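Let's walk through this structure together, from the whole chain down to single residues. Please keep the model open beside you as you read.

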Amino acid sequence: MNVDIVIIGAGAAGMMCAAQAGTKGRRILLIDHADKPGEKIRISGGGRCNFTNQFCTPKNFLSNNPHFCKSALSRYSPQDFIDLVNRYNIAWHEKSKGQLFCDGKSQQIVDMLVNEAEKAGVQIWLGTDVLDIHCPQNSPKNRVDTCIESGSENHMAEGNARSGFIVTTSRQSINCEKLVIACGGPSIPKMGATNFGYKIAAQFGLNIIEPVPALVPLTFTDKLKEPLKSLAGVSLDCKVSHEAVDFEEALLFTHRGLSGPAVLQISSYWSAGDMITLDLAPRTPMFERLKTARELSPRQSPQSFLSNYLPARLAQMIAAGQKFDRLADMSDKALCNLALMINSWMVKPAGSEGFRTAEVTKGGVDTQALSSKTMEAKAAPGLYFIGEVVDVTGHLGGHNFQWAWASGVACAQDL
Ligand SMILES: Cc1cc2nc3c(=O)[nH]c(=O)nc-3n(C[C@H](O)[C@H](O)[C@H](O)COP(=O)(O)OP(=O)(O)OC[C@H]3O[C@@H](n4cnc5c(N)ncnc54)[C@H](O)[C@@H]3O)c2cc1C
């Protein structure tokens, strides 16, 4: 079977790329090993898909090369995706901080993308395993061979221009001119996530930045887990910092450790062995407040004072660690220590919950190996990488989908 383009991965980036390239009259085959397309879209945003962020800028992304995402993001904006969603009459709302969610189910976004792809004549093969990818002209070894045989660089360039790929699948083999890898990262393997994209990148000699779980809950050491287990389910607004980066959002205590948006965000910056700092009452100078309270209501207990600022269970647990029954009995040093526990609680997580629950993967195909304009591999013309498989990782809040849409469109413009 011959097509112009094979796209592997019918997720967010793959479907967007297929739909856009299809409108240019290219013959496109979109392949996925899962039985349904866009499974991560379906479960995203708690089932309502936080499909973009109105305030998305390159600053919302982590990458070894922070400039790489700029070109694609500037050419497909959040408004472009909103226009598409509006054309399908999908109702949406802003939750907070520019995060846009469907009013109804995420499946609407999947259906929209499938419809766009089918309208553009894209053929979709689901439940199809890719067994082998072969490119005689472009594999690094053969490129060297071609060069040696011809004795000229021009001949090699000519060979590349005519190059193509043979994709062997569980259905049949396909010859294509261009191949797009859109298989995401390995987070949430039970959703069909794999590291297949990295294997293909390695096959073509592309470097991989070590993939690690990101936007992932952090776990307590055994020493902290036991005393803090009664806090499971408590949530509060908090500022979580790691070195120069901080996020002020909700924090959630779990049976294993810490979660909630603030912790998921900081997890993308955290490495094993690092400390994080929690300010449990952001913008409230606790030492000053404690000193004032000691003066005005000296018989107040630490627990009663703390419950003005913290959820009851948390106030009770922190107060239980105090030796004093009344604020009047506390020295400045004791007040200062208590204030530090609230404004600057330093925690060394034991680890993260790993790829099992991580929303995304940080790292991936090294952007140095790709064109930021087209997503094409510099060393393997005709081969493209888009979406999460690339070393571009967004903050929580719709940025990862915006990268999937924008990188998919940037690639499609070159197909
Ligand atoms: C629980 C959860 C909630 C999320 N919520 C949000 C949110 O609200 N907003 C947001 O911006 N981001 C969210 N994300 C992140 C977002 O889902 C991803 O960043 C985005 O889906 C990446 O798009 P992608 O197309 O690169 O990869 P994916 O959407 O993961 O698509 C990859 C596709 O490739 C297929 N595939 C993998 N391996 C193979 C193989 N060997 N052969 C064939 N096919 C293969 C997979 O089946 C899949 O269909 C969430 C992620 C999770 C896990």
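The paragraphs below go from the overall picture to the domains, a sheet, the ligand shell and a few individual residues.

First, a word on reading the model. It is a predicted one, in which local features need pLDDT of at least 70, side-chain atom pairs count only at pLDDT 80 or more, and totals for chains, interfaces and linings use all residues. Residues are numbered from 1 along each chain as its sequence is written.

With pLDDT being the predictor's confidence in each residue, from 0 to 100, the protein chain has a mean of 91, and 93% of its residues reach 70 or more. One stretch calls for care: over residues 140-162 pLDDT stays under 50, and for these residues the model has 19 contacts beyond four places in sequence. Here, two residues are in contact if their C-beta atoms, placed from the backbone, lie within 7 Å.

Now step back and look at the whole chain. Its C-alpha atoms fill a box of roughly 90 × 50 × 35 Å, taken along the principal axes. You can trace 15 helices and 21 strands in the protein chain; these are DSSP runs numbered from the N terminus, with helices (H or I) of at least four residues and strands (E) of at least two. If you take contacts between residues at least 6 apart in sequence, 74% of them join residues at least 24 apart.

How is the protein chain divided into domains? The assignment gives domain 1 (2-213 + 359-412) and domain 2 (218-352), with bounds that come from an automatic or database domain assignment. The centres of domain 1 and domain 2, taken over C-alpha atoms, are 41 Å apart. Where the domains meet, seven residues of domain 1 are in contact with five residues of domain 2. On the domain 1 side, the touching residues comprise three nonpolar, two polar and two charged. In this grouping, Ala, Val, Leu, Ile, Met, Phe, Trp, Tyr, Cys and Pro count as nonpolar, Asp, Glu, Lys and Arg as charged, and the others, Gly among them, as polar.

Next, find the open sheet of seven strands, which pair antiparallel in the order E17-E16-E13-E14-E15-E12-E18. Strand E17 (345-347) and strand E18 (351-352) stand at the edges with a single partner strand each, so one side of each has no neighbour in the sheet. Pairing here requires that DSSP finds at least two bridges between the strands.

Another pair to look at is strand E11 (residues 208-214) with E19, antiparallel over five bridges. Pro 213 has Thr 361 in E19 as its bridge partner. Strand E19 (residues 360-365) is mostly covered, with six of its six residues buried.

Which residues come nearest to the ligand? They are Gly 9, Gly 11, Ser 44, Gly 184 and Gly 387, out of 38 residues around it; a residue is near a molecule or strand if its C-beta atom, placed from the backbone, lies within 6 Å of it. Helix H1 (12-22), helix H2 (39-43) and helix H15 (399-412) each supply at least two residues of this shell, and H15 gives the most, with four. By type, the shell divides into 18 nonpolar, 15 polar and five charged residues.

Finally, two single residues. Ala 72 lies in helix H3 (residues 70-75) and counts as buried because it has 26 C-beta neighbours inside 10 Å. Leaving aside neighbours within four places in sequence, Ala 72 is in contact with Ser 372, Ala 406, Ser 407 and Ala 410. Leu 306, in helix H12 (residues 302-306), is buried with 25 other C-beta atoms within 10 Å. Not counting residues up to four places away in sequence, Leu 306 touches Ala 315, Ile 318 and Ala 319.

How values were computed
Buried ≥ 20, exposed ≤ 12 C-beta atoms within 10 Å, placed from the backbone.
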